Amino acid sequence: VGVLLGKKDYKKINNIEKWPLLQAYALEDVGQGFFGMNHLAQDLTPQIYKLYAEHDNYFLKSLVKTTIATMENQMFTTLFKLESSKLYQRPMLTEEDINEVLQESHEMMTLTKKQLIKALHLPGARTLVGLNTNAAYDAKSSDKPIKELASFQKELPFHLTTEYEDPISRARIGRTYFLTDNSENLKPPKEIRNEEGYVMSYDVGREPNPAYDDEKFV
C-alpha cells in the first residue's frame, strides 16, 4: 500500500498506525491486528515529487485552483445526498445511489470531451461503504443497501470512501468519510498496547449514543 509521509513522519512508516483513516479500517476488521500486520506500506513521496516535476507551473496551478476545486464540490454534492436523506431511509441507500452524482458527472465530461481512453482500468467514479472498502481496485459501486455492508448485525457501517477521476487532467482524488449516529451505541476505538506501550491492535468500545432516542422517535 503506497502512502505519502510528511516531514514529521519522514522514514517513520509505522507512524501511519496513528492515522484516523487506518484506525477506521482496523475497526471494520476487528481481530485481524493492526494495519501493518496485514499490509506492506511503502512511502511513495519521492516518486510523487518526481512525477510532478515533469509538469510546468501553469498546469499545476490550473490543477489545484480549478480542477481540484471542482472535484471537491462534486464530493460535497455526493455526500449531501446521504446527509439529506431521512433517517429511516438512510440504511436503504445503496452505493450506487450515493455515487450517482459523481458517476453522471464523469460520464458527461467523458462524452463532452470525447476522452474515451480508460486510465489504468480504474472506475471513473465510485463510492464504497463499510466492508466493501476492501474491494479490488477496479471494483464498482454495488446495489446493496448500506445496512448490509456493516461488520456487525443491526449496526450501520463505520465509514465510506469516494473516488473520482477528472477525465481531462486525469487527476484522481479519494476521500474517506466517517459515519455517525443512527445507531443505538457509539463505538469509540480503544488501543491495545503491549508492555512497552506500543499500539499493537485496536478494539471497539461501546457506549450509548445520546442522539439515538431522538432518531428512533423520528
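Two strands are said to pair when DSSP finds at least two bridges between them, and on that basis S4 and S5 pair in the antiparallel sense over seven bridges. What I am showing is a predicted model, where local features need a pLDDT of at least 70 and side-chain atom pairs count only at pLDDT 80 or more, while totals for chains, interfaces and linings use all residues. Residues are numbered from 1 along each chain as its sequence is written, and side-chain values use heavy atoms, with hydrogens and water left out.

Let me stay with the sheet for a moment. The helices (H or I, at least four residues) and strands (E, at least two) are DSSP runs numbered from the N terminus, and three of the strands form an open antiparallel sheet in the order S3-S4-S5. S3 and S5, the latter covering 172–178, stand at the edges with a single partner strand each, so one side of each is left without a neighbour in the sheet. As one example of the bridging, glutamate 163 has glycine 174 in S5 as its bridge partner.

Against this sheet packs helix H4, which touches S3, S4 and S5 and whose direction makes about 35° with that of S5; contact here means heavy atoms within 4.5 Å, and the axes are lines fitted to C-alpha atoms, for helices over the stretch in contact, with angles running from 0 to 180 degrees between N-to-C directions.

H4 itself spans residues 57–83 and bends by about 35° at leucine 63, the bend being the angle between axes fitted to the seven residues ending there and the seven starting there. Leu63 is also one of the buried residues of H4, among them Met71, Met75 and Leu82, where buried means under 20% relative accessible area, exposed over 50%, and partly exposed in between, with a 1.4 Å probe and protein chains only.

Turning to a loop, where does serine 142 lie? Serine 142 is found between strand S3 (125–129) and strand S4 (159–165), and it counts as buried because its relative accessible area is 16%. Leaving aside neighbours within four places in sequence, serine 142 is in contact with Thr94, Glu95, Glu96 and Asn132.

Finally, a word on confidence, given as pLDDT, the predictor's confidence in each residue from 0 to 100. The protein chain averages 77, with 83% of the residues scoring at least 70; confidence is highest in S3, at 90, and lowest in helix H6 (residues 212–217), at a mean of 50. Over residues 115–119 the pLDDT stays under 50, and the model has eight contacts beyond four places in sequence for them.

Conventions: The expected span of a helix is 1.5 Å times one less than its number of residues.
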